[in-house]
Every structure is written in C-alpha cells, then in structure tokens.
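Hi there,

Here is the structure I promised to pass on. Have a look at it first, and my notes follow below.

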Protein chains: 2
Amino acid sequence: MSDPEELEVVGVGNALVDVLSHEDDALVTKLGLERGVMTMVDHEAVERVYAAQGPTVEVSGGSAANTIAGLASFGAAAGFIGKVGPDEFGRVFAHDLEALGVRFGATSSNGSGPTGRCHIIVTPDAERTMCTFLGVASDLQPDDVDEALVARAQVTYLEGYLFDQPAAKHAFRQAAAVAHRSGRRVALTLSDPFCVHRHRDEFLDLVEHAVEVLFANEEEICALYDFDDFDDALQRVRRHTDVAALTRGKRGSVVVAGDEVHVIDAVPVDRLVDTTGAGDQYAAGFLYGLTHGRDLVTCGRLGSLAAAEAVGHLGPRPETSLRALAAPLLG
Amino acid sequence: MSDPEELEVVGVGNALVDVLSHEDDALVTKLGLERGVMTMVDHEAVERVYAAQGPTVEVSGGSAANTIAGLASFGAAAGFIGKVGPDEFGRVFAHDLEALGVRFGATSSNGSGPTGRCHIIVTPDAERTMCTFLGVASDLQPDDVDEALVARAQVTYLEGYLFDQPAAKHAFRQAAAVAHRSGRRVALTLSDPFCVHRHRDEFLDLVEHAVEVLFANEEEICALYDFDDFDDALQRVRRHTDVAALTRGKRGSVVVAGDEVHVIDAVPVDRLVDTTGAGDQYAAGFLYGLTHGRDLVTCGRLGSLAAAEAVGHLGPRPETSLRALAAPLLG
C-alpha cells in the first residue's frame, strides 16, 4: 500500500459471503427469525438455517463492503478493511473486491477461523431476512486498520454492525480517529434497528461527536432517538451531524443538512426481486456524489438509482455498471 | 444408504462449483480460450482465469449433477455420485443436492485436494466458455461408486467429461456394469465436442455396446462419427442406441429410437441470459419423461421446457420448480 493515490472512500466492516435462497414466509417463521432484520448467530445456529435453505447462490456481501463495491462500480477509487479466513469464501470475497480495483486492506488470517457468512432468506415480497455467522470477521482488531489507507480517503465509511464485537468496535473507533486526525470525514450507517437498540448510547455519542455523514433507514433513525415518529427523529438528527441521508424504502429518502431538507423520490423498479443491499447501494450512490462535489439532491438521486439496480436482482452488489447507469445524472 | 427406495436416476459425474461472470468477448480471446467449449486446466491456469474475471457468482454445477438437480426439481427421486473436498465449495455442492432431496453418494475426501471449480465466462450473446480445474473430482475411483445406489436407479446417467481422468473412467465403466447387472439402463451425455475428440474410439464402443440412452448436441454427435452433416450422424446413431436425444440449440432437438424420428421445437425464451446448463436441463426433462413412461415426444418437450428455464438466468440449475412449470405437459 505504498501507492500515495487519493481514495474517495475506504470502508471498514464485516467481510462476509452471502448465501442466498428464495423461500416461503413459512420458513422464516419456522426458523424463529425476525423478518427483515439481521440476527447474529453462532456456528450451530447458522448451520441449522443452512440445512433448512433450499439450493443457494453464493456472492460476496457485507454491508460496508457492498457499498465499496458500489462505489467502485461508479468508478470511484475505494478501499476496504475487513477480515477473511484462509478458505474459499475468503478468496471469493477478496477476489470480488480486487476485480473491481478496490484496495483490500484486510489481513487474511491463518487458521484463526472461517470467513463469515450471511445466510439470507428472500421471501416472495423481496424482503430479506438475514442470519450472520461472523467467523473471523469478528476478530477485526484496531491493529488491522491500515492507517495509511484511511488517511488517504476523503471519507471513511463505517458499518454499525461492527459494534457487535468489542475488538471490532475498537477498530471502528481507531479508524474514525485516524480519519479525523487526517482532516477527513467519517460516515456511519446504523445498519439495522436491532443493532441500534443494542448500542444506542454509544451510537448517539458517535453521531453527535464523531460522524459527519449518517445513513439510516426510517426504523433505525427512530430507534436511535427512541421516537415513534420519523419527522421527530429527522428534526433531532439534523442538529447532530453535518449530513444525514434517511432512506424510506419505496418512498425514497430524505436528506438533511443543517437548514436544508431534501425529499428524494425512489427510482421505480420494474421487478422487485430482492431488497438485499438496497441500503448499501443507496450509500454508494450518495457517497459517490458527495465525494465528487455534487449537491445533496444529486447525491440522493444517485443513491436511489443504485438502490433500484440492487433490488432488481438476487444479491447485494451491482450486476451492471453504476457509472453507465448514472451517466444521465452525472452529465 | 439402507433405504430400499427405488430411484428414477442416479448421476455420476464431476462435482464442481461454478464461478460465473458476465464478460466481453475480448476477455475470452485474451485468455486464449475456445469460445463455447470446456477447457480442462491446471490450478495455475484456473487462477489466471479467475484473476481476469470481474466479480463472480458461485453456484453448484457439474454437468451430471445439474441434470440430477433438474430431475429433483421435477419431483424425481434421484441420486448423485461424485467427489468433493473438505472445504466450503464441497459443502456448498453437497448442500445444494441434499436441499433438493438428492441422495448424495460421494465421499468427502479428507485433505486429498480442493473441490473442483468450473470458471464460466458468459459473453453478451449468452454463450458460456468454461475452464475447469477438477481438483479432487478427478480422484473419483471405482470404489466410490455406491453399487446399492446404482442398482436402485432405473437409469444411471454418466457424463462424458469423466473420461478425461483414467480413474474416473474406470468408475464410469464400473457404474455402467453395475447398472446392467441390475437390469437397469445406462444413459450417457457426450458433454463437449472436444471431449468427444479426445475419447472418440472409446465413446463409439460405449455407444454401440453399453449405452441405451444417448444425449448429444449437434457438434458432439458429428464429432463422434466424424461427419460434417448432422443427418448422416443421426442415421448412424439410430442403429447404435435404443434412444438418442440430439439437441440443436434454438432449433430444438431430434429424438431417434429405431424407426422413430421426432423433431421437437425449442421452447421460446423471453430473454436469453446464459446458456450454461441448457443441455444438462434438457437431459433432466427428457429423463424425467422417460422414467415416467411418457412417449418420446413428451420426453423431448419436457427437455425443451427445462432447457428454456435454464437459459433465462445465470447459472446451470433451475431457479423455479420444473414440476410446476411442466404441469401443463404432465397433466
């Protein structure tokens, strides 16, 4: 990593391979899973889910990593820090980032554990219910944060899921500190309403003091402030971060920045297949705009465009060039 | 495997995981690959292909295994014999058959090698160009043939690709011998024109003396008899096997059995995405019909139907229930 090149965004997150299948709603119920959310499970529990799934498709995943893949698809120079094991899934994960030109700053651990997996059940309404076995991803340490990589990036993008592991949380804080020390911005995605509930006080502190750009969906931002009403949460968050991009599924998104409030439409989708990665790709589009000096409305529209691409197929990462898709918006 | 249940079909073949990506034609040329065919390569060469691929999707593959998965999707009781390694890809392969209720008779080898991979480049015309690193699949031995499983199946389905490895060839012959000894039928797919060229004399001998049902596409059957003209090859093969199902891509198929010759239309496809698995799924439909006492025209139509499903999406195995899709034909 001696390349002194400037990066738009570096992501820090759980390096996971997604194991996806289409299933009936009955399976979600039978497995006792919470529809639409991510449940962190141990090895035994993930094997139980796997055994209940029909034939699966394996693709690289991980929330922040998906966003980084999306940014690369827009043409951004991007990096990722996360931990994979010395196995096939680890090689798949690394290959799929490197194939996009992403600087992959994760260390491949030797024998300390398997690459993490996210088993995803996609129901007929295209909702995704996730079960994650972190494997060696949970072993991300502050030392794994490549400081030079972080210092070179305009934005360091962190996923809230990291907070579920103490060491990864420290790595997260370490990355944020390096970014700020280098005069860079920190972006955070709240990841999941249950994740927010688990770490509410710490997230509140982060959002107020250590995050310049916040991504959250409606449920997550309400969970953060313990409000039932989205508008109340919106009024609160605008005082706490420079920019907040709040997604609302098919109702689009609201972008707030101080006095500015922009309501952005969702991009219509011909055929809704799988919502996995919709939020991740929204963040990719938004961050692409932000790091290229676009106004917030364009940032939001780029987010909507990338999210619409993601939900039209199985899996969380773009299947077509986002750069080509966004050409009319980028001019 | 003490279950005395009767199976419709047991497949014997290379257990592979497919690693697929959409690429431009230029990449096929740059890699020096033969468009539309399967090239067997060593580990170093497959890594070179992988490094040149963009982000990939991983799904279970293997020609005969794809056919068995298709049969299970039709609702048939089916089994498979092949060899995987003790790694993620091996677990993926086994999971995806077991999830369909397929009896998986392969031994998982310990430490003798990685699970085989087939790297597939899908070009914009939906043609697939394949590079296979067999890994431990090449280690299939006569002893791995579960004789009880073979004896229980109405049809033993063998892929020609097995002939590329001496031990696997013996396993192939062993399975055919057990099937005949049990009063069962043997089906063979010629797999690939280059595979036929490599083993022409042996395949000719097999087709004349040890195969009751033959699957081949136009190029393969012409290669077998060293004819340029499909009709000449057709006249020859009808004297050599009980039933031959000869596929011709979008022109459908011709089924010959003694004096009978049936021309079967292809099922129109809305959007041709990836031809990977088209022949494998044709065989699945055909064998489903054959083992359920259907006439040869219906067998061919079931084949066309299954092939049409396969080419409408990325990857070689059905994404929707072939049983449901075939309901109008099955009555």
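Let me start with the sheet in chain A. It is open and has 9 strands in the order β6-β5-β1-β9-β10-β11-β12-β13-β14, with mixed pairing. (Strands pair if DSSP finds at least two bridges between them; helices, H or I of at least four residues, and strands, E of at least two, are DSSP runs numbered from the N terminus.) At the edges stand β6 (103–104) and β14 (260–264) of chain A, each with a single partner strand, so one side of each has no neighbour in the sheet.

Before I go on, please note that this is a predicted model: local features need pLDDT of at least 70, side-chain atom pairs count only at pLDDT 80 or more, and totals for chains, interfaces and linings use all residues. Residues are numbered from 1 along each chain as its sequence is written, while chains are lettered from A and ligands numbered from 1 in the order in which they are written.

Within the sheet, β9 (residues 153–159) and β10 (residues 185–189) of chain A run parallel and are joined by 5 bridges. In one of them, A:L158 has A:L188 of β10(A) as its bridge partner.

Helix α3 (residues 63–74) of chain A lies across β1 (7–12), β5 (78–81), β9 and β10 of chain A, at about 160° to β1(A). Angles run from 0 to 180 degrees between N-to-C directions, and axes are lines fitted to C-alpha atoms, for helices over the stretch in contact. Residues are in contact if their C-beta atoms, placed from the backbone, lie within 7 Å. Helix α9 (residues 218–225) of chain A lies across β11 (213–217) and β12 (243–247) of chain A, at about 110° to β11(A).

Now to the two chains together. A rotation of 180° with 0.0 Å of shift along its axis superposes chain B on chain A, with an RMSD of 0.0 Å (by least squares on the C-alpha atoms of residues with pLDDT of at least 70 in both copies). The two copies are thus related as by a two-fold rotation axis. In chain B, B:E58 has the C-alpha nearest the axis, 2.5 Å from it.

Where do the chains meet? 19 residues of chain B are in contact with 19 residues of chain A. On the chain B side, β4 (57–60) and α4 (88–98) each supply at least two residues, and α4(B) gives the most, with 5 residues.

Best wishes

Key:
Two residues are in contact if their C-beta atoms, placed from the backbone, lie within 7 Å.
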